[in-house]
Amino acid sequence: EAGEIRAPLSKAFVAAMGLEAGGEGSPSQLVASLDRLLDEDPANQTARTLRAFAAIRSGRLGLAESDLICVLEDDPRAGQALFYRALLAGARHAPEGILESMRSAKAVGFYRSREWRAATYPELQPYLHLPGFETLGRRR
């Protein structure tokens, strides 16, 4: 049974990373795929984290928030979820939430590679001018 879930989760992970990298794809279809995975395995926090990202990209901010709350209640040090919480704050036009969430992600050791570009994240683009923004999300 675990193998049956792993294959769709692997596909969902690849699709989410493609969306995150600015590639093409349907965030709504990814949410639907992850809904099915979570119906089968509601405790799967990887699927829930990926669904939060896809929900942000598809404008389903309430779903994203509830998924991120669930993931972070289970593991307050879940760096990917903390980073996606910054994207959610950006989608909600809440710059203070962006900085706080990115600082939290960095504090638990989460970072993006040196090639990381905030431009890949439309949720963050309007806030690139914020003081201290450029140092967040990168390796020290």
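Author: Begin with burial: a residue counts as buried when its relative accessible area is under 20%. Keep in mind that this is a predicted model.

Reader: Which residues of helix 6 are buried?

Author: In helix 6 they are G97, I98, L99, S101, M102 and A105. These residues pack against helix 5 (79-91). Helix 6 itself covers residues 95-107, and G109, which follows, has a positive phi, near 95°.

Reader: How should I read the spacing of buried positions along a helix?

Author: An α-helix has 3.6 residues a turn, so residues three or four places apart point the same way. Take helix 4 (61-74). Its buried residues are L63, A64, D67, L68, V71 and L72. They cover an arc of only 155° around the axis, which puts them on the same side of helix 4.

Reader: Which helices do the buried residues of helix 4 pack against?

Author: Their partners are helix 2 (27-40), helix 3 (45-57) and helix 5.

Reader: And how is a pocket found?

Author: Rolling a probe the size of a water molecule over the atoms shows where empty space is left. Here the largest pocket holds about 210 Å³ of space.

Reader: Which helices supply at least two residues each of its lining?

Author: Helix 4, helix 5 and helix 6 do. Helix 4 gives the largest share, 4 residues. The lining includes L68, L72, G97 and S101.

Reader: How many residues of each class are in the lining of the largest pocket?

Author: There are 6 nonpolar, 2 polar and 4 charged residues. Among the lining residues are E65, R85, R92 and E100.

Note on methods:
Residues are numbered from 1 along each chain as its sequence is written. This is a predicted model: local features need pLDDT of at least 70, side-chain atom pairs count only at pLDDT 80 or more; totals for chains, interfaces and linings use all residues. Side-chain values use heavy atoms; hydrogens and water are left out. The expected span of a helix is 1.5 Å times one less than its number of residues. Buried means under 20% relative accessible area, exposed over 50%, partly exposed in between (1.4 Å probe, protein chains only). Contact means heavy atoms within 4.5 Å. On a 1 Å grid over the protein atoms alone, a cavity is a set of points where a 1.4 Å probe fits but cannot get out, and a pocket is an open set with protein on both sides within 12 Å along at least five of seven lines; lining residues have an atom within 4 Å of a point. Grid points are joined across faces, edges and corners, and a volume is the space filled by probe spheres set on the points. Ala, Val, Leu, Ile, Met, Phe, Trp, Tyr, Cys and Pro count as nonpolar, Asp, Glu, Lys and Arg as charged, and the others, Gly among them, as polar. The arc is that of the directions from the helix axis to the C-beta atoms.
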